[in-house]
Amino acid sequence: MGVNCLRLSQGIISLILKHLFTPLNNNRLSHLCGPTDEHLRTIELALEVRIAHRHEQFKVEGPKAKAQRAMDMLQALYEMAGRPIPPATVQLMLAGDGSADAAEGPSLLTRRTDLKPRTQNQAVYLDNIAEFDITFGIGPAGTGKTYLAVAAAVDALQRSAVQRIVLTRPAVEAGERLGFLPGDLNQKVDPYLRPLYDALYDLMGYEQVQKAFERQALEIAPLAFMRGRTLNNAFVILDEAQNTTPEQMKMFLTRVGFGTKTVITGDVSQIDLPKAQLSGLVEAERILRRVPGIAITRLTSIDIVRHPLVARIVDAYDAARLSDLPPIAVPLPEPEPELPRVALPKTRSPRAKTPGVQ
């Protein structure tokens with residue numbers, strides 16, 4: 001790899017990197033670039049660099065750190081280009097540290113043998129789930145907070161660390177009403193639990209999920225059905241916790257029994273409660289942050305493992321929301337009260353006596 005030149009523009013060092021992939025292998029180069037250079041365009045968009053190539057000669061231009069990361073990614077992709085590279089692999093690498101290796105973290109026993117944390121925060125999240133009895137995973141959509149929690153639950157069930165998995169969500173409408181949906185109560189709440197089903201099918205397989213339901217090792221229910229229960233020797237996940245009320249959150253947390261792992265996930269930027277209603281997740285984070293035995297993991301847009309545009313969308317909405325907040329009024333110091341003026345009593349000076357006047 002060679003460096004052609006350095007450019008200084010507005011205080012940012014722009015770097016031009018060159019690399020020659022040898023020996024020439026047209027099949028690997030084709031897989032590296034992707035159909036119609038799709039992989040190269042994805043890297044350019046995500047890292048804000050320019051990539052040019054002619055046969056086996058590649059050139060990357062952009063800010064120093066980003067150009068170096070883009071070149072490192074190209075080299076890592078070339079190593080795995082013996083066969084076609086799925087677009088998802090490129091996106092996951094961009095969401096991580098830019099290498100083919102995932103962040104270090106516990107390996108989970110699931111149907112997905114390639115399941116690993118993709119970012120450092122995800123690795124910390126899984127470590128917290130393994131270490132603490134109650135773990136909060138708070139972050140935007142696409143950070144894997146629910147999927148990794150379900151994966152940890154499946155792993156615990158496969159290792160017989162727990163006897164069952166209990167997954168629950170609050171049935172709160174995002175702009176629509178339950179009454180508009182057809183069917184009885186179970187059919188009405190089923191769409192709200194569908195993301196949990198999807199994760200289970202991916203991690204266990206359809207047949208294994210059905211068998212787990214039959215032997216009551218797996219339960220999915222709305223949050224309202226949790227009241228009055230005590231959950232022992234279970235792995236319990238509360239998803240979409242930002243839509244719980246403080247009363248519901250307290251009710252759920254007090255269901256925890258002996259030998260139970262509990263994970264609460266949510267995105268405080270997507271609260272569907274009425275405007276005047278405080279989110280139970282927001283209150284719980286504030287109250288429980290210093291309680292021993294409870295871990296709170298914050299995931300951000302850099303942990304998003306979906307399309308790179310998702311991270312930009314999340315950042316744009318966060319910036320817009322901050323700009324819409326009313327300015328904080330700085331109270332002016334109150335003027336000191338003016339003390340009442342007390343008039344001094346008038347005194348008369350004695351008159352001087354005139355000589356000869358009685």
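**Entry: E219 and R164**

I started with the side chains of E219 and R164, which form a salt bridge with N and O 3.8 Å apart. This is a predicted model, so I kept in mind that side-chain atom pairs count only at pLDDT 80 or more. Next I looked up where the two partners sit: E219 belongs to strand β7 (residues 218-222) and R164 to strand β6 (residues 164-169), so their pairing ties together parts 55 residues apart in sequence. I then checked the exposure of both ends. E219 is partly exposed at 23% relative accessibility, and R164 is partly exposed at 22%.

**Entry: R298 and E285**

My next stop was R298, whose side chain meets that of E285 in a salt bridge at 3.1 Å, N to O. Here a strand is tied to a helix: R298 is in β10 (residues 294-298) and E285 in α10 (residues 280-288), so the linked parts are 13 residues apart in sequence. Is E285 buried or exposed? I found E285 at 14% relative accessibility, and because buried means under 20%, E285 counts as buried. R298, at 41%, is partly exposed.

I moved on to D202, which makes a salt bridge with R112; their closest N and O atoms are 3.1 Å apart. D202 lies in helix α7 (residues 185-204), while R112 is in the loop between α4 and α5, so this pair joins parts that are 90 residues apart in sequence. Both ends came out at 29% relative accessibility, with D202 partly exposed and R112 partly exposed.

Which atom of R112 lies 3.2 Å from a polar atom of the T110 side chain? I found that it is the backbone nitrogen of R112. T110 counts as buried, at 13% relative accessibility. I also listed its contacts, leaving aside neighbours within four places in sequence: L115, A151, V154, D155 and L203.

**Entry: salt bridges overall**

How many salt bridges are there by this rule? I noted a count of eleven. I also found a network of salt bridges that links D37, R41 and E44.

**Entry: the β3 and β4 hairpin**

I turned to strands β3 (residues 50-54) and β4 (residues 57-63), which pair in the antiparallel sense over five bridges. Looking for the partner of R54, I found Q57 in β4. The hairpin has two residues between its strands, and H55 takes a positive phi near 60 degrees there.

**Entry: a nonpolar patch**

Last, I looked at the surface. L45, L309, I313 and Y317 form a nonpolar patch there, with about 410 Å² of accessible area together. Which helix gives the most to this patch? I found helix α11 (residues 308-324), which gives three residues. L45 comes from helix α2 (residues 38-47). I checked L45 on its own too: L45 is partly exposed, with a relative accessible area of 39%. Because patches are made of residues with over 30% relative accessible area, that value of 39% lets L45 pass the cut-off.

How values were computed. Residues are numbered from 1 along each chain as its sequence is written. This is a predicted model: local features need pLDDT of at least 70, side-chain atom pairs count only at pLDDT 80 or more; totals for chains, interfaces and linings use all residues. Side-chain values use heavy atoms; hydrogens and water are left out. Patches are made of residues with over 30% relative accessible area and no salt bridge: like charges are joined within 9 Å, nonpolar side chains (Val, Leu, Ile, Met, Phe, Trp, Tyr) within 5 Å. Accessible areas come from the Shrake-Rupley method with a 1.4 Å probe; for residues, only the protein chains shown count as cover. A salt bridge is a side-chain nitrogen of Lys or Arg within 4 Å of a carboxyl oxygen of Asp or Glu. Helices (H or I, at least four residues) and strands (E, at least two) are DSSP runs, numbered from the N terminus. Buried means under 20% relative accessible area, exposed over 50%, partly exposed in between (1.4 Å probe, protein chains only). A polar contact is a pair of N or O atoms within 3.5 Å; within protein, one must be able to donate a hydrogen and the other to accept it, and residues adjacent in sequence count only if both atoms are side-chain atoms. Contact means heavy atoms within 4.5 Å. Two strands pair if DSSP finds at least two bridges between them.
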